[in-house]
Amino acid sequence: MSWQLAENHEISEVRKAYGQTLEQMILNGRPIMVCDADLAGSSGAGYLYDKYPKHTVNFGICEANMIAAAAAMSRIGIRPYVHSFAPFVSRRVADQVCISAAFAKQDLHIYASDPGYWSLYNGATHTTFEDIAMMRAIPSVHVVAPADSVAFSWVLKWYEQNGGIVYNRCTRKPVPSIYAKGSSFTFGKANILKTGSDVALIAIGAGVYDALESAKQLEEQGISTSVIDLFFIKPVDETVLQNVIQTHKVIVTIENHSRYGGIGELVADVMAQQKTSALLRHISVDDQFGEVGTKEYLKEKFHLTSTDIVNKALDGLEKYGS
């Protein structure tokens with residue numbers, strides 16, 4: 001089946017899907033190696049280390065060594081899956097991803113968990129608002145941001161079959177379901193979840209649910225609203241973006257990331273290559289570091305809430321009509 005929307009937004013824990021999906025691969029005899037940097041208990045794959053010691057390696061707090069060793073595993077036919085919190089598998093290991101994996105043309109799946117505000121009480125040192133910008137810039141690295149555990153699990157399976165380098169940016173924590181169980185996707189293809197004509201909300205990750213909630217509020221005000229799950233940041237679905245830009249008055253991009261090097265700039269680049277009257281607004285983080293707090297506090301702090309999305313859309317429509 002292709003993808004279908006979930007009938008309700010049942011809460012599903014992403015890290016549970018990580019452990020279960022990898023275990024099924026091991027049981028199916030697939031040549032995978034589950035690697036972590038002392039955070040296997042956090043990833044949801046901790047129990048695999050006891051059950052399947054030949055398929056697991058804990059590198060300790062040595063993320064750069066983990067990436068280099070995983071690239072070497074790929075060279076002998078093993079599919080490595082590495083995990084750590086997002087800043088520790090992006091800015092801390094940028095050279096190893098670039099040279100040991102990408103330049104050397106090896107296979108590598110990176111589960112970059114708890115990006116942006118999802119770091120919560122771990123604070124600024126564990127927060128990354130810059131990782132998309134960094135990973136997009138490395139040749140041959142695919143960058144994806146699944147909206148829920150169904151899409152996340154699909155990416156794990158896609159990598160096992162196809163290889164390459166995948167930077168899979170997703171929280172570990174419970175999130176509302178967007179897609180029905182069993183949904184499948186096309187790599188590099190954005191998903192249009194709702195079709196309208198006035199405002200287009202283009203989101204990634206958990207921002208997709210926020211976009212759907214914001215669309216309801218806009219529709220209540222008589223504003224026809226589309227919702228697009230961009231999903232794939234690199235490669236990006238330029239065909240969908242071009243069509244959305246030509247058929248809407250206002251585009252609002254929604255990301256738990258810095259405005260520098262994120263999907264806002266990506267969409268702006270596509271817009272700059274077209275003749276269009278559409279206006280662009282960003283929901284993203286300004287030039288700031290993270291801090292400690294609840295998800296609700298941090299989303300308000302960095303202006304990433306549904307209220308912020310609605311206000312940006314309304315501001316764009318006001319400017320469009322002036």
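These are my notes, starting with the ground rules and then moving through the structure.

**Ground rules.** I am working with a predicted model, where local features need pLDDT of at least 70, side-chain atom pairs count only at pLDDT 80 or more, and totals for chains, interfaces and linings use all residues. Residues are numbered from 1 along each chain as its sequence is written, and side-chain values use heavy atoms, with hydrogens and water left out.

**Domains.** I looked up how the chain is divided and found domain 1 (13-174) and domain 2 (189-319); such bounds come from an automatic or database domain assignment. Their C-alpha centres lie 26 Å apart.

**Where the domains meet.** I counted contacts, meaning heavy atoms within 4.5 Å. On this rule, 30 residues of domain 1 touch 31 residues of domain 2. I then looked up the buried area, which is the accessible area (1.4 Å probe) that two parts lose on being put together, summed over both. For these two domains it is about 2500 Å², with 65% of it on carbon and sulfur atoms. On the domain 1 side, Tyr117, Phe129 and Arg136 lose the most area to domain 2, together 34% of what that side buries.

Polar contacts are another matter: 17 residue pairs across the interface make one, both residues being at pLDDT 80 or more. The rule asks for a pair of N or O atoms within 3.5 Å; within protein, one must be able to donate a hydrogen and the other to accept it, and residues adjacent in sequence count only if both atoms are side-chain atoms.

**Elements on the domain 1 side.** I noted that α6 (131-136), β6 (141-144) and α7 (149-162) each give two or more residues to the side touching domain 2. Of these, α6 gives the most, with 5 residues. Helices (H or I, at least four residues) and strands (E, at least two) are DSSP runs, numbered from the N terminus.

**An aromatic pair.** I went back to Phe129 and found that it pairs edge-to-face with Phe302, at 5.1 Å centre to centre and 70 degrees between the planes. Rings of Phe, Tyr and Trp (its six-membered ring) pair if their centres lie within 6.5 Å; planes under 30 degrees apart count as stacked, over 60 as edge-to-face and the rest as tilted. The two residues are 173 apart in the chain.

**Around β12 and α9.** Asp237 forms a salt bridge with Lys189, the closest N and O atoms being 3.6 Å apart. Asp237 sits in the loop between β12 (232-234) and α9 (238-247). Pro235 lies in that loop too, and a cis peptide bond joins Lys234 to Pro235, with omega about 0 degrees.

Note on methods. Salt bridge = Lys/Arg side-chain N within 4 Å of Asp/Glu carboxyl O.
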